[in-house]
Amino acid sequence: MNDAYYAVPDVLAYLAGEWTVERTAQDLAGNAEGHFTGTTVFTPLDDGGGGLLHHESGTFVWRGTARPAERTLRFLPGDDPATAHVHFADGRPFHDLDLRTGRHTADHPCALDLYRGEFEVYDERRWRMRWRVAGPAKDLILTTAYTRSAGSSDRRDRSA
């Protein structure tokens, strides 16, 4: 999509705040496509460890039926400010994230399926995540575009 990526020196500072989310879900095996629209809000975790709580909510339309959808993740500080450890809400590890170059690939095995995520940052207000899910249970492509919401000023001070 873009040959020039936006390097992120502090991933948690970059993500903090509210984002508009547009996602397509393509089921390659069943030849179906769904669409999610909503928001993702990254707020400081209450544990004082410097991480962020990621809460996504919106509407998912699949085969003509619209349903409310939401999920929660935890983004914990990595070994470098440009990195983070992403965990599910229950604390299980999901994947690492390294945006020093503005682009990152991560794998997450889930039973016999493999989730391969590609993260691309385009500028201070736009980034994309694409998961290719392949295995005996799933054959999907999930593509999510994030755009910083107008007036979102919750970003952390980068000099901190």
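User: Hi! Is Arg23 buried or exposed in this one?

Analyst: Arg23 is buried in this predicted model. Its relative accessible area is 12%, and it counts as buried because the cut-off is under 20%.

User: Which strand is Arg23 in?

Analyst: Arg23 sits in strand β1, which covers residues 17-27.

User: And what stands opposite Arg23 in β2?

Analyst: That would be Phe36. Strand β2 spans residues 32-44, and eleven bridges join β1 to β2, with the two running antiparallel.

User: Which residues is Arg23 in contact with, leaving aside its neighbours within four places in sequence?

Analyst: Here they are: Gly34, His35, Phe36, Glu56, Arg71, Met129, Thr143, Thr144 and Tyr146. With Thr144 there is also a polar contact between the side chains, at 2.6 Å.

User: Nice. Let's zoom out: how many strands form the sheet, and in what order?

Analyst: Ten strands form an open sheet, and the pairing is antiparallel. The order is β6-β5-β4-β3-β2-β1-β10-β9-β8-β7.

User: Which strands stand at the edges?

Analyst: Those are β6 and β7, the latter covering 103-110. Each has a single partner strand, so one side of each is left without a neighbour in the sheet.

User: By how much are neighbouring strands turned against each other?

Analyst: On average by 20°, with direction ignored.

User: Now over to β5. Is that strand mostly covered or mostly open?

Analyst: Strand β5, residues 83-88, is mostly covered. Five of its six residues are buried.

User: How many bridges join β4 to β5?

Analyst: Five bridges do, and the two strands run antiparallel. Strand β4 takes in residues 65-77. Together β4 and β5 form a hairpin, with five residues between them.

User: And how many bridges join β5 to β6?

Analyst: Five bridges join them too, and that pair also runs antiparallel. Strand β6 is residues 93-98. The hairpin of β5 and β6 has four residues between the strands.

User: Which residue takes a positive phi in that hairpin?

Analyst: Gly91 does, with a phi near 100°.

User: Great, thanks!

Methods
Residues are numbered from 1 along each chain as its sequence is written. This is a predicted model: local features need pLDDT of at least 70, side-chain atom pairs count only at pLDDT 80 or more; totals for chains, interfaces and linings use all residues. Side-chain values use heavy atoms; hydrogens and water are left out. Buried means under 20% relative accessible area, exposed over 50%, partly exposed in between (1.4 Å probe, protein chains only). A polar contact is a pair of N or O atoms within 3.5 Å; within protein, one must be able to donate a hydrogen and the other to accept it, and residues adjacent in sequence count only if both atoms are side-chain atoms. Contact means heavy atoms within 4.5 Å. Two strands pair if DSSP finds at least two bridges between them. Axes are lines fitted to C-alpha atoms, for helices over the stretch in contact, and angles run from 0 to 180 degrees between N-to-C directions.
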